[in-house]
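Work through the exercises below with the model open in a viewer. Try each task before reading its solution.

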Amino acid sequence: MFDYGGEPAHTGPRHLRVRGGAALTGSIDVKTSKNAGVALLCASLLNRGPTVLRHVARIEEVNRILRVLESMGVACEWLSPEGDLRIQPPERLDLTRIDADAARRTRSIIMFLGPLIHDYPEFELPFAGGCELGDRTVEPHLAALRRFGLSVERSQGSYRATVKEHVEPPGAIVLTERGDTVTANAIMAAARFPDVTVIRNASCNYQVQDLCWYIEKLGVRIDGVGTTTLTVYGRSGIDRPVDYAPAEDPIEAWSLVTAAVVTESEITVRRTPIEFVEIELALAEEMGLVYSRSEEYLAANGRTRLVDLTVHPSPLRAAADKIHPMPFPGLNIDNLPFFALIASCAKGGTMIHDWVYENRAIYLTELNRLGAKVRLLDPHRLQVEGPVQWSGAEVVCPPALRPAVVLLLAMLRAQGTSELRHVDVIHRGYEQLAERLQLLGAEIEPF
């Protein structure tokens, strides 16, 4: 896998040395969505024609999916330094040569099931990996895809899939989990099933909306985008050139807002997808956050509403109630860890309830190494007291993306020098985050 210009993509671990305590200033643009990008790469397999995706985030998660695609015979070419990417599937994928190492390092590999069932009656996929966040079953995926004729056996580290030759139209499907990747798989299965499929209890989150708009460009009509009921008018064959630009990433946007909060800085976070951080902003505003916003404008996809958010230094108070995630339009599960850091900067005690993942909450107790007062109540709940005196420390990145970024942002506030070790997990979801924070005045040195 090579970056534009012939340089090998960075995959090895790095460390960061952070000299904290400096205020940040300036403006920063939000990059396009990690989760939408990987979903669209999987969805490109629905199309026999070429797909061009604009401004794709140059992150390790994307690199892993590209390695898998290329190992199966898909031609992937970076067209520009800005992240424009061209994908051209071959007449037939060679599923016997799949890069198992890359596949096992990303949970997104599970989204290959939906596209592959249309053309391959038998195939194997390596087990899905990704962040270590506890037991995340794939059963909701399999339950939805059984309606399209898929059956899966688990054997020797792989999913062995078989697809029935003749399948009755699924009609209406009720997803047992309103998950983003579960919904994406069901949409991709329905897109090339030559009938009308209704998907109920669907996620209406940002990456699902981007996926729907891309599939509409393939000529597949989808009603209900942005709601929990989708109606997909499938087509048996798709072969057309498509050019699509995924929208900006609301999780990165909230990460950058949190950087401003924790360092008590005035930063403008440009190109923020406001619809997908409104709950987070409302909650932070109740805690005392002061911010201003520009008029709305549209992302390059012509659909997603963006604003420029300017965060002002603000004295914060603890949240009046526990902070917990919900499916969109609730507080995003990936933004929840940042509230442990925000609550550490607020006066009083705040409970953080991460009811989705078994293992993630414990990683946030690593903030205590920097002076935080985070107490693990049980595998899902944290009690956070603030404000605290942050001090530098050496910390090894936890094996989960968002808690790792939370630690980096806390180090920006901590007095003295901190070291964050093995930050390769951050490269999974953020493009040059340390370098971009440097442009705002952060003192971060890779070593």
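This is a predicted model: local features need pLDDT of at least 70, side-chain atom pairs count only at pLDDT 80 or more; totals for chains, interfaces and linings use all residues.

**Exercise 1.** Describe the largest cavity by its volume and its lining.

Solution. Start with the count: there are seven cavities of 30 Å³ or more. The largest cavity has a volume of about 130 Å³. Its lining is made of 14 residues, and L45, R48, P90, D119 and Y120 are the closest to its centre. Sorted by class, the lining holds eight nonpolar, one polar and five charged residues.

**Exercise 2.** Find which element gives the most residues to the lining of the second largest cavity.

Solution. The most come from α14, with three residues. By class, the lining residues of this cavity are eight nonpolar, two polar and two charged.

**Exercise 3.** Work out which strands stand at the edges of the four-stranded open sheet, and why one side of each lacks a neighbour.

Solution. Write down the order first: β4-β5-β3-β13, with mixed pairing. The edges are β4 (75–78) and β13 (242–244); each has a single partner strand, so one side of each has no neighbour in the sheet. On average, neighbouring strands of this sheet are turned by 15 degrees against each other, direction ignored.

Next, look at β4 and its partner. Strand β5 (residues 85–88) runs antiparallel to β4 and is joined to β4 by four bridges. Finally, helix α2 (residues 60–71) lies across β4 and β5, at about 140 degrees to β4.

How values were computed: Residues are numbered from 1 along each chain as its sequence is written. Side-chain values use heavy atoms; hydrogens and water are left out. On a 1 Å grid over the protein atoms alone, a cavity is a set of points where a 1.4 Å probe fits but cannot get out, and a pocket is an open set with protein on both sides within 12 Å along at least five of seven lines; lining residues have an atom within 4 Å of a point. Grid points are joined across faces, edges and corners, and a volume is the space filled by probe spheres set on the points. Ala, Val, Leu, Ile, Met, Phe, Trp, Tyr, Cys and Pro count as nonpolar, Asp, Glu, Lys and Arg as charged, and the others, Gly among them, as polar. Helices (H or I, at least four residues) and strands (E, at least two) are DSSP runs, numbered from the N terminus. Two strands pair if DSSP finds at least two bridges between them. Axes are lines fitted to C-alpha atoms, for helices over the stretch in contact, and angles run from 0 to 180 degrees between N-to-C directions. Contact means heavy atoms within 4.5 Å.
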